[in-house]
Amino acid sequence: MAKNFAPLAQSIVAALGGVDNIAAVTHCMTRLRFVVVNAAQVDTAVLKSLTGVMGVVSNDTQCQVIIGNNVSQAYAEVQKLLPADVAAKEIASSNKKFSFKRIGAGILDALIGTMSPLIPAIIGGSMVKLLAMILEMSGVFTKADPTLVILNVIGDGAFFFLPVMVAASAAVKFKTNLSLAIAIAGVLVHPAFIDLMAKAAQGQKVEFIGLSVTAVKYTYTVIPALCMTWLLSYIERWVDRITPVVTKNFLKPMLIMLIAAPIAIVLIGPLGIWIGTGISAVVYTVHSYLGWLSVAIMGAAWPLLVMTGMHRVFTPTIIQTIAETGKEGMVMPSEIGANLSLGGSSLAVAWRTKNPELRQTALAAAASAIVAGISEPALYGVALRLKRPLIACLISGFICGAVAGIGGLASHSMASPGLFTSVQFFDPANPMSIVWVVGVMVLAVVVSFVTTLLLGFEDIPVDAPRTAQSKQSDAVPAASLAVKTP
């Protein structure tokens with residue numbers, strides 16, 4: 001892993017086609033996420049060859065560069081190279097053809113681009129709520145103790161005001177007015193509106209200018225605010241065209257509020273709730289029919305979902321399920337085996353490889369996956385790079401997912417499962433849940449470690465470092481360069 005990120009940032013920007021080819025950049029927990037103007041100018045081969053880059057995922061104008069746990073340092077260096085207004089650049093789309101694939105990619109991009117910046121706040125809130133639960137379980141504080149109440153409020157803040165956070169993040173993504181998006185989302189969580197929705201839920205008729213308002217609880221939701229902000233981006237541009245210049249400072253925002261907020265309350269909000277509820281219903285209906293098998297399948301598929309970024313699709317479902325029921329018993333339990341299997345497989349590679357650089361990378365990746373639950377360094381730096389360890393992880397993920405499903409494990413948070421965050425699976429009403437969690441974690445490391453050694457892998461010779469220059473050697477057949485382990 002590169003320690004000086006300035007040269008790495010310069011190399012990444014150059015491989016992306018230069019500063020002028022970058023329209024926007026942000027980052028999640030392990031990836032730099034670029035929007036490029038012209039995808040043809042991106043040299044993916046050079047990107048992958050850079051020391052410090054664990055992998056590259058490209059899709060249309062999106063290019064994700066996997067850095068690992070130090071991504072924030074790389075991001076800071078990249079930002080120094082870009083114009084201050086790079087995030088405001090518009091990307092020409094007139095030549096883009098309509099296709100269902102493009103629509104699907106656009107929806108996925110909008111969801112990932114909106115949710116990724118919110119993950120730290122959601123994880124932080126989740127862990128504070130877990131701390132409060134542990135303090136109550138251990139008898140340090142009673143349920144009515146003001147300290148415990150305040151801790152729960154701190155932990156719940158990110159969830160209760162999630163629509164506002166989503167609106168703010170989506171406003172940046174869709175390039176619309178940030179303050180207006182927040183203000184309209186604030187309507188959905190306003191105490192008076194919440195009280196009105198509670199009355200509507202009890203059967204009281206609620207209308208707005210003669211239109212019936214559906215009883216909806218918007219706190220803890222994602223999809224309504226996301227859809228609302230997307231629509232706001234179009235409403236703002238339309239209102240801007242029809243309002244006289246002399247009245248724009250007061251008439252434009254007033255019209256936007258009067259148009260967007262009622263549409264959100266009467267149409268978009270309920271529609272978003274139905275969409276979110278429908279997705280959750282499909283996921284957990286499958287779980288109800290397949291039981292532990294659904295967790296096993298998810299455990300095996302999880303590394304593949306991470307590779308494509310599809311794992312973020314489940315974020316709204318997990319948040320909503322935990323908010324409504326207090327726990328989530330399909331997606332999160334499957335991650336235990338998936339994350340720690342990648343860690344165990346990396347340990348096996350570190351044990352067997354004769355390449356000091358690969359051993360160092362594998363050990364760091366194993367620690368990240370096992371201790372913190374951050375699996376992408378192990379996935380891109382080791383498993384995908386060597387291929388057979390990835391197969392071992394899929395096998396181990398299926399086995400451990402099955403065990404987690406049989407044990408009925410469920411998460412009370414959405415922090416990435418690892419050693420330090422395993423407490424989220426402890427059920428106060430079921431002390432045996434601790435045994436099941438520990439058992440799954442140990443099983444994941446052992447099974448993936450042994451399976452990786454049994455399958456073997458093509459070691460990377462010491463005299464063939466992963467540099468841009470060494471990529472020229474890829475023309476030589478791999479069999480003539482690789483050293484196969486027993």
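I take helices (H or I, at least four residues) and strands (E, at least two) as DSSP runs, numbered from the N terminus. By that rule I find 19 helices and eight strands in the protein.

**Ground rules.** The model is predicted, with local features needing pLDDT of at least 70 and side-chain atom pairs counting only at pLDDT 80 or more, while totals for chains, interfaces and linings use all residues. Residues are numbered from 1 along each chain as its sequence is written, and side-chain values use heavy atoms, with hydrogens and water left out.

**Burial.** I call a residue buried under 20% relative accessible area, exposed over 50%, and partly exposed in between (1.4 Å probe, protein chains only). Of the 486 residues, 48% count as buried.

**Cores.** A nonpolar core is a set of buried Ala, Val, Leu, Ile, Met, Phe, Trp, Tyr and Cys residues joined through side-chain atoms within 4.5 Å. The largest one has 68 residues, and those with the most contacts inside it include Met115, Ile319 and Met414. Helix 14 (residues 331-352) gives the largest share of this core, eight residues. Another core, of 25 residues, lies apart from it; Leu8, Val13, Leu50 and Val65 are among its members.

**Ile319.** I count a contact when heavy atoms are within 4.5 Å. Not counting residues up to four places away in sequence, Ile319 touches Met115, Ile122, Phe159, Leu162, Tyr220, Val222 and Met414.

**Helices 14 and 15.** The axes of helix 14 and helix 15 (residues 356-372) come within 8 Å and cross at roughly 155°. Angles under 35 degrees count as roughly parallel, over 145 as roughly antiparallel, 65 to 115 as roughly perpendicular and the rest as oblique. Helix 14 and helix 15 are therefore roughly antiparallel. Their contact includes Leu340, Gly343 and Leu347 of helix 14, and Ala362, Ala366 and Ile370 of helix 15.

**Helices 7 and 8.** I then looked at helix 7 and helix 8 (residues 178-188), which pack at an angle of about 155° with their axes 8 Å apart. That makes helix 7 roughly antiparallel to helix 8. Pro163, Val164, Ala167, Ala168 and Ala171 in helix 7 meet Leu178, Ala181, Ile182, Ala185 and Gly186 in helix 8.

**Met165.** This residue sits in helix 7 (residues 162-174). Leaving aside neighbours within four places in sequence, I find Met165 in contact with Leu118, Ala121 and Ala158. Met165 and Leu226 are 61 residues apart in sequence and 9.9 Å apart in space, C-alpha to C-alpha.

Note on methods:
Axes are lines fitted to C-alpha atoms, for helices over the stretch in contact, and angles run from 0 to 180 degrees between N-to-C directions.
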